[in-house]
Protein chains: 2
Amino acid sequence: MSNRRDAVHAILRQSEGFRSAQDVYAEMRAEGAKIGLTTVYRALQALADTGHVDVLRTDDGESVYRACASGDHHHHLVCRRCGRTVEVAGPAVERWAETIGSEHGFTEITHTLEIFGTCASCATAAKPLRTPSRA
Amino acid sequence: MSNRRDAVHAILRQSEGFRSAQDVYAEMRAEGAKIGLTTVYRALQALADTGHVDVLRTDDGESVYRACASGDHHHHLVCRRCGRTVEVAGPAVERWAETIGSEHGFTEITHTLEIFGTCASCATAAKPLRTPSRA
DNA sequence: CTGATTTTGACAACCGTTTTCATTTACGCG
DNA sequence: CGCGTAAATGAAAACGGTTGTCAAAATCAG
């Protein structure tokens with residue numbers, strides 16, 4: 001029944017970072033899985049709804065998904081080059097957001113926070129900015 | 001030349017919160033302005049590029065724009081009901097993000113952070129959750 | 001086995017955004 | 001002032017990710 005959903009979940013578990021729906025779909029097809037794009041979308045939504053995966057939007061409006069270790073509230077430190085992701089927690093930030101909101105009379109406060117950077121591997125591996133092709 | 005861009009900027013300045021491109025376009029047309037949707041998009045992009053307006057993505061992937069008072073790095077406390085927005089700064093959070101990134105070997109660290117809530121006016125004004133229509 | 005129910009996926013519809021391209025407008029110069 | 005070139009404009013088409021449609025397939029109950 002939810003065989004496909006599990007399959008989708010599995011792909012996400014194998015991945016180091018966030019993956020797009022189309023991305024997951026492509027990989028599954030490449031592996032020979034018989035699945036439709038529609039079903040991948042549905043599976044991802046279902047997984048997101050049940051909190052089994054985290055979702056976030058890229059700058060160009062694409063939804064990307066990730067199977068996270070922790071079900072608790074946390075944020076992400078994402079390598080903008082390879083997509084590798086580290087889960088981070090910041091209790092102080094949570095409190096800060098809550099406080100700021102209250103101070104301005106806001107209630108039911110939530111927040112979104114993501115940190116982007118270039119991870120160590122990518123920083124050493126690819127430094128095409130120095131010596132571009134200067135013989 | 002950049003007459004249209006100024007007009008778009010003006011609309012944004014009049015607004016309390018973030019507005020979508022289509023939204024701005026609709027208002028300008030309603031006011032009788034002769035402008036095309038394409039130009040509104042171009043104007044918004046230009047304004048965003050030059051840092052005159054802030055951009056963020058809504059949950060459903062729409063880009064929304066706002067003319068912000070400060071050109072410095074800051075975040076937003078947004079009312080999820082009426083869209084009213086307060087600019088907030090959190091030096092501690094900036095440092096925290098930077099630190100977290102470094103600790104994990106990441107460089108060129110940036111971050112995104114938005115706080116959402118229900119503002120005081122909206123909280124008192126609309127409480128349709130109680131007595132929905134229970135005669 | 002048979003009929004009802006759910007899941008699936010090919011395909012079309014959607015929607016915000018971007019591109020294309022012909023037209024218009026603005027500007028510099030003779 | 002007139003003309004040519006360059007920039008700006010906008011209608012319409014293209015695009016890309018996502019969602020809806022609906023009939024076929026798989027699953028389940030009796």
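1. Let's start where the two protein chains meet. In this predicted model, chain A brings 36 residues to the contact and chain B also brings 36 residues. About 2,900 Å² is buried between chain A and chain B, and carbon and sulfur atoms give 65% of that area.

2. Now look at which parts of chain A do the touching. β4 (75–79), β5 (85–88), α4 (91–103), β6 (107–118) and α5 (120–125) of chain A each supply at least two residues of the side that touches chain B. With twelve residues, β6(A) gives the most to that side. Sorted by class, the side of chain A that touches chain B has 18 nonpolar, eleven polar and seven charged residues.

3. β6(A) runs antiparallel to strand β6 (residues 107–118) of chain B, and the two pair over nine bridges. Ile115(A) turns up again: this residue stands opposite His111(B) in β6(B). As a reminder, strands of a sheet pair through backbone hydrogen bonds, either parallel or antiparallel.

4. Chain B also has an open sheet of three strands, in the order β1-β3-β2, with antiparallel pairing. Its edge strands are β1 (19–20) and β2 (53–57) of chain B, each of which pairs on one side only. β1(B) and β3 (residues 63–67) of chain B pair in the antiparallel sense over two bridges, and Arg19(B) stands opposite Tyr65(B) in β3(B).

5. Next, DNA strand C. Sugar and phosphate make up 62% of the atoms of DNA strand C that come within 4 Å of the protein. The residues of the surface near DNA strand C split into five nonpolar, seven polar and four charged. α3 (37–49) of chain A, plus α2 (21–30) and α3 (37–49) of chain B, each supply at least two residues of that surface.

6. Which part of DNA strand C does each polar atom face? For Arg42(A), a polar side-chain atom lies 2.4 Å from a base nitrogen. For Tyr41(B), a polar side-chain atom lies 2.5 Å from a phosphate oxygen. Gly36(A) uses a polar backbone atom, 3.2 Å from a phosphate oxygen of DNA strand C.

Notes: Residues numbered from 1 in each chain as written. Chains lettered and ligands numbered in written order. Predicted model: local features only at pLDDT ≥ 70, side-chain atom pairs only at ≥ 80, totals over all residues. Heavy atoms only, no water. Pairing = 2+ DSSP bridges. Helix = DSSP H or I, 4+ residues; strand = E, 2+ residues; numbered from the N terminus. Near = heavy atom within 4 Å. Polar contact = N/O pair within 3.5 Å; in protein donor to acceptor, adjacent residues only side chain to side chain. Nonpolar A, V, L, I, M, F, W, Y, C, P; charged D, E, K, R; others polar. Contact = heavy atoms within 4.5 Å. Buried area = accessible area lost by both parts, 1.4 Å probe.
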